[in-house]
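Trainee: I have a structure to go through and some questions about it. Can we take them one at a time?

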Amino acid sequence: MPDTATDKTYIVRTYGCQMNVHDSERLSGLLEGAGYVRAADGAGEADVVVLNTCAVRENADNRLYGNLGHLASVKAGRPGMRIAVGGCLAQKDRGEITRRAPWVDVVFGTHNIGSLPVLLERARVRDEAQVEILESLDVFPSTLPTRRESAYAAWVSVSVGCNNTCTFCIVPALRGKEKDRRPGEILSEIEALVAEGVCEVTLLGQNVNAYGSEFGDREAFAKLLRACGQIEGLERVRFTSPHPRDFTDDVIAAMAETPNVMPQLHMPLQSGSDTVLRAMRRSYRQDRYLGIIERVRAAMPDAAITTDIIVGFPGETEEDFEQTMHVVRQARFSAAFTFQYSKRPGTPAATMEEQVPKAVVQARYERLVALQEEISWEENKKQVGRTVELLVAEGEGRKDGETRRMSGRAPDNRLVHFAVGDTAAADLPRPGDMVSVEVTYAAPHHLNADGPDGASAIKALRRTRSGDAWQARQEQPESERRAAAVTLGMPSIGKPAVSAEAESACGVC
């Protein structure tokens, strides 16, 4: 990229799943490699605004065009400002974006995020919109530069794309067929991340436990988990999102027998009705799903299991919905991400008859949420009195400053706010450090650990290389670490803290 970009600023706004969040880190890395710096004050002050979009929910289009309408007036007051739209909605709508929003300068898809700097420069030189949508991946995203948002935790893609044909999901059409990375590449990336101070990685894939299908190894994912256990300095391994069809006993054994693979599982259910699952083209049934839950709990009694559920799929009857409620009662999820069915053009479900009336969907949704809230609270109450080791997190406790608390994630990914009392600033744990605390209070979406009479709840503090890495970031100039306090956004108790607009796991896996 020519020097014209030097000292110009950018901002990347992310919508959707963890794959998009990870892609946005790559987009930020590409822009910084081209000479841009992150804007301090948001889109109003940025020379380049990138919207990394999601196409899964029904309101995705309205959200995008509403934001673009706002940016039109901002751009009118900032000559030379560029707007780029990428991600799943860009892959789907292509030239429609520049037709409806002609002030957009660049449109790029899910397969060519590495082209962004070149497309921006081409738009500047030619003074016209650049639309480039590829039908297949040109460069695996993990080979691109990145600007990681966390000093202590990182995403690692093991695959992109999906080979499933779920009738409600548009993702395979936008992300393409599954493409797997070789195990050596993945492990080398993880080792490099650990050398930089990372202690927790999350393995990503649209259907993460189908990993290995491209090169014909059905046990590849279990082998990958076990290999992660051999990486010195890697303390926590998570993954998202697996598919029940591919969830095999070797994966359960690898989770249970590999100490740094955390006892936490996010496994989408979508529906508890065999009839609806068949209409969704989900290749498992209620008995198989509950059997997996039973075997996971037998191997890891303390595992926290979360899920995604769609309410109101076309043709869903009251009896079908009651089957979903039955599975929720049996599985006792620690949390569930519940979605009202969203019709997406281009999917088979969008043309199905017997679309469920909105009022019925809303009423069922509220019943499901109420049941899950009750179960989440009951399951969290079981944690009171337990001593847990937390990975201290950054930016997860919105009221921590007022309550003299900090926050961290337990091995099962539960969010715990812990009291620090009058501990001197120099003695406080840092994000990336480990603390042991005793849980004293449970709410449906979080736990508290408080000491007696307002004292610190910390029983033990272990300072780590990850904490050192976080501290080193804080000592960088402000311009080099702007907006770096972003959490992993894994499905968890409560809404994931990816961004204001983010949705967990797209609700599609």
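Trainee: Is Cys54 buried or exposed in this predicted model?
Mentor: Cys54 sits in the loop between strand S3 and helix H2. A residue counts as buried when its relative accessible area is under 20%. Cys54 has 10% relative accessibility, so the term for Cys54 is buried.

Trainee: Which residues does UniProt list for "binding site"?
Mentor: The UniProt entry is unreviewed. The listed residues span 72 residues in sequence, yet no two of their C-alpha atoms are more than 10.5 Å apart, so they gather at one spot. The entry names Cys17, Cys54 and Cys88.

Trainee: What is the relative accessible area of Cys17?
Mentor: Cys17 lies in the loop between S1 and H1. Buried means under 20%. Cys17 is buried, and its relative accessible area is 6%.

Trainee: With which side chain does the side chain of Thr14 make a polar contact?
Mentor: Thr14 belongs to strand S1, residues 9–14. Thr14 counts as buried, at 13% relative accessibility. At 2.7 Å, the polar contact partner of its side chain is the side chain of Ser24.

Trainee: How many of the 16 residues of H1 are buried?
Mentor: Helix H1 covers residues 18–33 and reaches 23 Å from its first C-alpha to its last, close to the 22 Å expected. H1 is largely enclosed by the rest of the structure, because the number of its residues that are buried is 14.

Trainee: What is the mean pLDDT of the chain?
Mentor: Over residues 1–5 the pLDDT stays under 50. Of the chain's residues, 89% reach 70 or more. The mean is 87.

Terms used. Residues are numbered from 1 along each chain as its sequence is written. This is a predicted model: local features need pLDDT of at least 70, side-chain atom pairs count only at pLDDT 80 or more; totals for chains, interfaces and linings use all residues. Side-chain values use heavy atoms; hydrogens and water are left out. Helices (H or I, at least four residues) and strands (E, at least two) are DSSP runs, numbered from the N terminus. The expected span of a helix is 1.5 Å times one less than its number of residues. Buried means under 20% relative accessible area, exposed over 50%, partly exposed in between (1.4 Å probe, protein chains only). pLDDT is the predictor's confidence in each residue, from 0 to 100. Contact means heavy atoms within 4.5 Å. A polar contact is a pair of N or O atoms within 3.5 Å; within protein, one must be able to donate a hydrogen and the other to accept it, and residues adjacent in sequence count only if both atoms are side-chain atoms. UniProt positions are given in the numbering used here, feature names are shortened, and annotations may be inferred rather than shown by experiment.
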